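I opened this entry to go through the model from its fold down to single residues. What did I look up, and by which rules did I sort it?

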Amino acid sequence: MRERLPPTSNPTHKGAERGKRKRKMTAREREKGVLHERLQLLRSVTNSSAPSTASIIVDASKYIEELKQNIEACKRDLAEESCLPMVTVETLEKGFLINVFCDKNCPGLLVSVLEAFEALGLEVSDASISCADSFRLEAVGGEPQNESVDAQMVRQVVAQAVEKWAES
């Protein structure tokens, strides 16, 4: 009967073990290299000059908080700037239903919108207006004198009047 050698004494098995360990080490080294590259990228993005990994991560955390604060500030600024009234226009059987709405009071806007109606040749046959805390205009404009006027054109002209009002 032939005696079997333990796996550690098998020369081909030893080579396989060494190869496995070598592959594991190179995989770890690759992983370490990738982590180091990512850490350096994080350091450059956050403008960190910290020497240690922990310090770089703390700097990155502070940087993220600053970005969040900047986003909130931009949102507030945008909300303040974007208080332009919303304009919608629907086509009716004879004329248009024009709605202009804004969350805040808009002194002088009504005059600008009525001038836009006049420029289009629209006569207001019915209107509901509120301008206490917010501005709301719901007007029914009769058929325009110019046949080529459609809802899109009415909306565009009223929106331009709103923008012109906002600039003044």
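I call a residue buried under 20% relative accessible area, exposed over 50%, and partly exposed in between, with a 1.4 Å probe and protein chains only. I am working from a predicted model, in which local features need pLDDT of at least 70 and side-chain atom pairs count only at pLDDT 80 or more, while totals for chains, interfaces and linings use all residues. Residues are numbered from 1 along each chain as its sequence is written, and side-chain values use heavy atoms, with hydrogens and water left out.

**Fold.** I took helices (H or I, at least four residues) and strands (E, at least two) as DSSP runs, numbered from the N terminus. The protein chain has four helices and four strands, and their order from the N terminus is α-α-β-β-α-β-β-α. Of its 168 residues, 23% are buried.

**Core.** I looked next for nonpolar cores, meaning sets of buried Ala, Val, Leu, Ile, Met, Phe, Trp, Tyr and Cys residues joined through side-chain atoms within 4.5 Å. The largest one holds 23 residues, and those with the most contacts inside it are Phe96, Ile98, Val100, Leu109, Val154 and Val158. At least two residues each are supplied by strand S1 (86-92), strand S2 (95-102), helix H3 (109-120), strand S4 (135-141) and helix H4 (151-167). H4 gives the largest share of this core, six residues. I noted beside this that in soluble globular proteins nonpolar side chains tend to be buried together.

**Charges.** Which residues gather in a patch of positive charge on the surface? I found Lys20, Arg23, Lys24 and Arg28 there, using the rule that patch residues have over 30% relative accessible area and no salt bridge, with like charges joined within 9 Å. Arg23 lies in helix H1 (residues 11-45), and it counts as exposed because its relative accessibility is 55%.

For salt bridges I required a side-chain nitrogen of Lys or Arg within 4 Å of a carboxyl oxygen of Asp or Glu, and this rule gave a count of one. The pair is Glu65 and Lys68, whose closest N and O atoms are 3.7 Å apart. Because they are three residues apart in helix H2 (residues 53-81), Glu65 and Lys68 are separated by about one helical turn. Glu65 is partly exposed at 40% relative accessibility, and Lys68 is also partly exposed, at 46%.

**Loop between H1 and H2.** Is Ser48, in this loop, buried or exposed? Ser48 sits in the loop between H1 and H2, and I recorded it as buried, since its relative accessible area is 11%. Its C-alpha atom is 6.2 Å from that of Asp59, eleven residues apart along the chain. Asn47 is in the loop between H1 and H2, but is exposed at 68% relative accessibility. I also noted that Asn47 has a positive phi of about 55° although it is not a glycine. Most residues other than glycine have a negative phi.

**Loop between S1 and S2.** Glu93 is placed in the loop between S1 and S2 and counts as exposed, because its relative accessibility is 83%.

Notes: Patch = residues over 30% accessible without salt bridge, like charges linked within 9 Å, V, L, I, M, F, W, Y side chains within 5 Å. Areas by Shrake-Rupley, 256 points an atom, 1.4 Å probe, with all protein chains shown as cover. Lys, Arg positive; Asp, Glu negative; His and termini not counted. Charge placed at Lys NZ, Arg CZ, Asp CG, Glu CD.
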